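Here are a few notes to read alongside the structure.

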Amino acid sequence: MTDGTRSHGPVADGRHTVVVGGGLAGVTTALALADAGVRVTLLEGRPRLGGLAFSFQRGDLTVDNGQHVYLRCCTAYRWFLDRIDGAALAPLQDRLDVPVLDLARPEGRRLGRLRRDALPVPLHLGRSLAAYPHLSLADRVRVGRAALALKGLDLTDPALDTQDFGSWLAAHGQSERAVEALWDLVGVATLNAVAGDASLALAAMVFKTGLLSDPGAADIGWARVPLGELHDRLARKALDSAGVRTELRARVTSVSLDGTGQWTVEVPGERLRADAVVLAVPQREAHDLLPAGALDAPERLLGIGTAPILNVHVVYDRKVLGRPFFTALGSPVQWVFDRTDASGLREGQYLAVSQSAAQDEIDAPVAVLRERYLPELERLLPPARGAEVRDFFVTRERTATFAPTPGVGRLRPGARTKASGLYLAGAWTATGWPATMESAVRSGVSAADAVLGALGRPRPQALFEFEEAA
C-alpha cells in the first residue's frame, strides 16, 4: 500500500488513530484529529472519498449520484467546506426563495414561492405564507398556529421520538393539502420520509432549526461543481496537507483489541496498530466490525432502517428551465435542479429530478421511469414539449439514509463505545439531526472530540466554533 502522507499539517505525536470510512464523517474525523496533532490513517474501501455524496463520469458528463443541498443553519457542513477550501464552490442563496409549481392550477397561475424577508422570526416568512397561492386562507392561518406550536416543543423530550409527525400535524389542524403543499414539501427533502413515517423529534428539529430559529437559517446552498470535486479531490488535498495517510481500496476486514490496550485493524495486505479506532461506516458495517462487548445492545444498529433516494437525469437539446431549481405539487416530480454547468455539458440542458422517500420506485425499470417522468416534465415545463431528449438515465441509492421512523432515536448510539479507544461516526449516530451531510460532519466532530479527550490532546477551538454559531 502507498503511504499518502504529506507533512504540511501539525507535527503528529506518537499516538495513532485509524479512521475506517472515507465519507464525510470519516474525512471530518481525520481532519479534526490531524489538526490537533494526532497521527491519522484513513481507510476507505472504495476507490474514492465522499461516501454517498459522490460523482462519476458518463461520457463527457460529470454526474452526481444525487442532488445534495444544505442550509445556512448547517454550520458544521459549512465549517467542512471552509476547511477543504470549497465554500466558494457551494454558495448559499442570498435569501431563501423556493419556486413551487402546482400542476393542478391553470398555466400562468401555477407558480408560488416560499421566500423570506429580512424580518425577525417568525415574521420573516409571514408575507410569503400570506401570499402563498397553493394554500387556502384557512390553511394558511392553521399553518401559522401549528408553526407556533412546533416552536414550543422541547427537542430534549424523549416522548417526541415515539410519535409520528403526521399524527401531530393532524392533531394541530393541518389538512392533507397543507401537509402536501408545505410540510411534506420541506420534510420529504430533509427527512427522506413523508410526515406519517417520520419521527416527530426529527421533524421538529428540522423545522425549528431551519425555519423557526434564525431568519436566514433555511437559505439553501448547493454545489456548483461536481460533488466529487468537493468531497473527493478537495477533501483528499486537505487530508494530504494535514499529514493524514489516506488509503483507498482498503476494505477493513477486522478490528480487534489486544492485551496491551492496542487496536489492530486488518486490511488485505496490511495490519495496522492504533491507539484509537473510529468506525465511520454505515450502521450494518459498523455492527459487523464491532468487537464483542463494545455496545450493550449491538443489535440495535440493525434496527436502524434505511430509506432510498432515486434520481432521474434528463439531458435536453435545448434550455427548458430558466431557474436553478424548483419543486412541484400535483405531480410525482419532487425537486428539479439544473446541473448543466456543473456537469460540463456544453450544449442543451441537463436536469436532475431528485425523488426522496422513493420506496415505490427505487427498483422500477428505466423504461417505466422514462414513461412516467418525461411527460411530467413536459407538463411542468412547456419548453420541454418540443425538446429532444438526448439522454435519460437513473441513479439509485437504496440505502441513501437511515429511516427517520418513530423510535429511531433510542437506537442511535453516541460516539463512544464501551470498548476503550473505539468510537463511532456517521450520520446515523446520535447527532440529533436526520441523515444529512450536516449530521455526518457533526458525527465526525463528536468522534474526534472523544478521541482527543481519551488521548489527552487539547480541543482545537477553531474546530468547534461552529457549535457556538449554531
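1. Let's begin with helix H1 (residues 24–35) and helix H8 (residues 227–242), whose axes come within 9 Å and cross at roughly 20°. Axes here are lines fitted to C-alpha atoms, for helices over the stretch in contact, with angles running from 0 to 180 degrees between N-to-C directions. Helices (H or I, at least four residues) and strands (E, at least two) are DSSP runs numbered from the N terminus. H1 and H8 are therefore roughly parallel to each other; angles under 35 degrees count as roughly parallel, over 145 as roughly antiparallel, 65 to 115 as roughly perpendicular and the rest as oblique.

2. A word on the source: this is a predicted model, in which local features need pLDDT of at least 70 and side-chain atom pairs count only at pLDDT 80 or more, while totals for chains, interfaces and linings use all residues. Residues are numbered from 1 along each chain as its sequence is written, and side-chain values use heavy atoms, leaving out hydrogens and water.

3. Which residues of H1 and H8 meet? On the H1 side they are Leu24, Val27, Ala30, Leu31, Ala34 and Asp35, and on the H8 side His231, Ala235, Ala238, Leu239 and Ala242 (contact means heavy atoms within 4.5 Å). By class, this contact of H1 with H8 has nine nonpolar, one polar and one charged residues. Ala, Val, Leu, Ile, Met, Phe, Trp, Tyr, Cys and Pro count as nonpolar, Asp, Glu, Lys and Arg as charged, and the others, Gly among them, as polar.

4. Now look at helix H4 (residues 137–151) and helix H6 (residues 176–191): their axes come within 11 Å and cross at roughly 60°. H4 and H6 are therefore oblique to each other. Their contact is made by Asp139, Val143, Ala146, Ala147 and Leu150 of H4, with Arg177, Ala178, Leu182 and Trp183 of H6. Those residues divide into seven nonpolar, no polar and two charged.

5. Two backbone details are worth a visit. The peptide bond from Val121 to Pro122 is cis, with omega near 0°, and Pro122 is found in the loop between strand S7 (111–115) and helix H3 (126–131). Asp85 has a positive phi, near 60°, in a residue other than glycine; Asp85 lies in the loop between helix H2 (75–83) and strand S6 (97–102).
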